[in-house]
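Open the model in your viewer and keep the selection panel at hand.

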Amino acid sequence: MAKQYIDAVNVSTLQQWKVLKEYADPGEMAAIGERVLEPIAEGSLGKPWRHDVYTVSGDLGGKRCSFTLHEDGEPLAVIGVCLHSRASKPLLQALTPIPDDDGLSVPWMIIRMEQDTLPPWVERWAEQLAWAVVRRQEGDQ
């Protein structure tokens, strides 16, 4: 049975929580797949919404993914999603000052703020992004 939650950490605020699978919105995940994951897989920028000042760049891998959310071209937040334990330490080292993954079990996601404050929707959107990545990986297996 697949894990029913994603461990989540905002390394800028040191908040940690679990994102339950039941809170994953199928419509929002489909839109993220279409507007973010597919363009990034093709080497383009993604957009969280069709007409907006926000863009997403990133790297999709089979074991880990990283994304940077931009507002008017300026980095706003970095989001990492780990899908396999072998990718855990390298992703943590790339994104955070956290030395190891104690307490995190895959899949997990990390948000690192690149600005002093984030719009209130960013964490919720990152949660949906993480579930969309998990769903994409499950579909590829």
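Helices (H or I, at least four residues) and strands (E, at least two) are DSSP runs, numbered from the N terminus. This is a predicted model: local features need pLDDT of at least 70, side-chain atom pairs count only at pLDDT 80 or more, and totals for chains, interfaces and linings use all residues. Residues are numbered from 1 along each chain as its sequence is written, and side-chain values use heavy atoms, with hydrogens and water left out.

**Whole chain**

Colour by secondary structure. The protein has three helices and six strands. Along the sequence they follow the pattern β-β-α-β-β-β-α-β-α.

Zoom out. The C-alpha trace spans about 40 × 35 × 25 Å along its principal axes. The radius of gyration (over C-alpha atoms) is 14 Å; this agrees with the value near 14 Å for a compact globule of 141 residues, where the rule is 2.2 Å times the number of residues to the power 0.38.

Now colour by burial: buried means under 20% relative accessible area, exposed over 50%, partly exposed in between (1.4 Å probe, protein chains only). Of the 141 residues, 45% are buried.

Turn to contacts, meaning heavy atoms within 4.5 Å. Among those with a separation of 6 or more, 51% join residues 24 or more positions apart.

**Helix α2**

Select residues 88–95, which form α2. Which of its residues are buried? Ser-88, Leu-91, Leu-92 and Leu-95 are.

**The cores**

A nonpolar core is a set of buried Ala, Val, Leu, Ile, Met, Phe, Trp, Tyr and Cys residues joined through side-chain atoms within 4.5 Å. The largest has 33 residues, and Phe-67, Met-109 and Leu-129 have the most contacts inside it. Elements giving it two or more residues include β1 (5–10), β2 (15–20), α1 (26–41), β3 (54–60) and α3 (122–140). The largest share, nine residues, comes from α3.

Centre on Leu-129. Leaving aside residues up to four places away in sequence, Leu-129 touches Ile-32, Val-36, Leu-37, Phe-67 and Ile-79.

Last stop: a second, separate core of eleven residues. Select Val-9, Leu-92, Leu-95 and Leu-104, which are among its members.
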